[in-house]
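Please examine the chain below with its fold and its surface in mind.

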Amino acid sequence: ISTGIAYLTPDQYLNLGYLPGGPSGLLSFSQAPQQVMPLTADGNPAWQNPPLQTIQSLSDFSLVLVMTEDPDTARTWIEQAGPQLQGKPLMLLLSAQAEPSLRPYLESGSGQVQGMVSGVSGGVAYQDSAVFTLQSDTSGITWSTYSLGLWVGAILLLLAGLYGVFRLV
């Protein structure tokens, strides 16, 4: 089945692997990425590859996108790496549970976070917006499947409750 979506090839991205050290490791990476993460996850030199050849610091990226379900991880990126971006956008792609504690960074007007998409409904809304266009629209399928799963779960809970009530009688 052809979806019509052009996926990235491995020469268009690099996996730098796990960044150790928590907040201090992230701060070090944001100040000197080549020294902190010199190799890709598979052990090859990272910074000689086309996607990263011109990168000397975090501010050389045109955009930083943080994808996480943990509000503390996102907050660490905002607080440790954000100042190193020198005005470049920091965007967050979050789970629905992380969004409430991070929304103030977006709405404060401080410029710490320039965009946020959270949860399945946020992803579907973003995909349906004029900003993001696909050759093949799959948002309806994603949302339908999610809704169907919720309905099945609710019906199973109802049936289990009824079973429990009639078993006691």
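S118 is buried, with a relative accessible area of 16%; buried means under 20%, exposed over 50%, and partly exposed in between, with a 1.4 Å probe and protein chains only. This residue lies in strand β3, which spans residues 115-118. Strands (E, at least two residues) and helices (H or I, at least four) are DSSP runs, numbered from the N terminus. Leaving aside residues up to four places away in sequence, S118 touches L94, S95, E99 and G123, a contact being heavy atoms within 4.5 Å.

The model is a predicted one, in which local features need pLDDT of at least 70 and side-chain atom pairs count only at pLDDT 80 or more, whereas totals for chains, interfaces and linings use all residues. Residues are numbered from 1 along each chain as its sequence is written, and side-chain values use heavy atoms, with hydrogens and water left out.

Strand β1 (residues 64-68) comes next. In a regular strand the side chains alternate between the two faces of the sheet. Five bridges join β1 to strand β2 (residues 90-94), and the two run parallel; strands pair if DSSP finds at least two bridges between them. The bridge partner of V66 in β2 is L92.

Together with helix α3 (residues 71-81), β1 and β2 make a right-handed β-α-β unit: with the strands pointing away from the viewer, the path from the first strand over the helix to the second runs clockwise. Helix α3 contains T73, which is partly exposed at a relative accessible area of 31%. Between T73 and G22 the C-alpha to C-alpha distance is 8.7 Å, although 51 residues separate them in sequence.

Taken as a whole, the protein chain has six helices and three strands, in the order α-α-β-α-β-α-β-α-α from the N terminus. Of its 169 residues, 22% are buried. Among contacts between residues at least 6 apart in sequence, 53% join residues at least 24 apart. The accessible surface comes to about 11200 Å², with 61% belonging to carbon and sulfur atoms; such areas come from the Shrake-Rupley method with a 1.4 Å probe, and for residues only the protein chains shown count as cover.

Finally, V152 is found in helix α6 (residues 139-168) and is partly exposed, with a relative accessible area of 43%.
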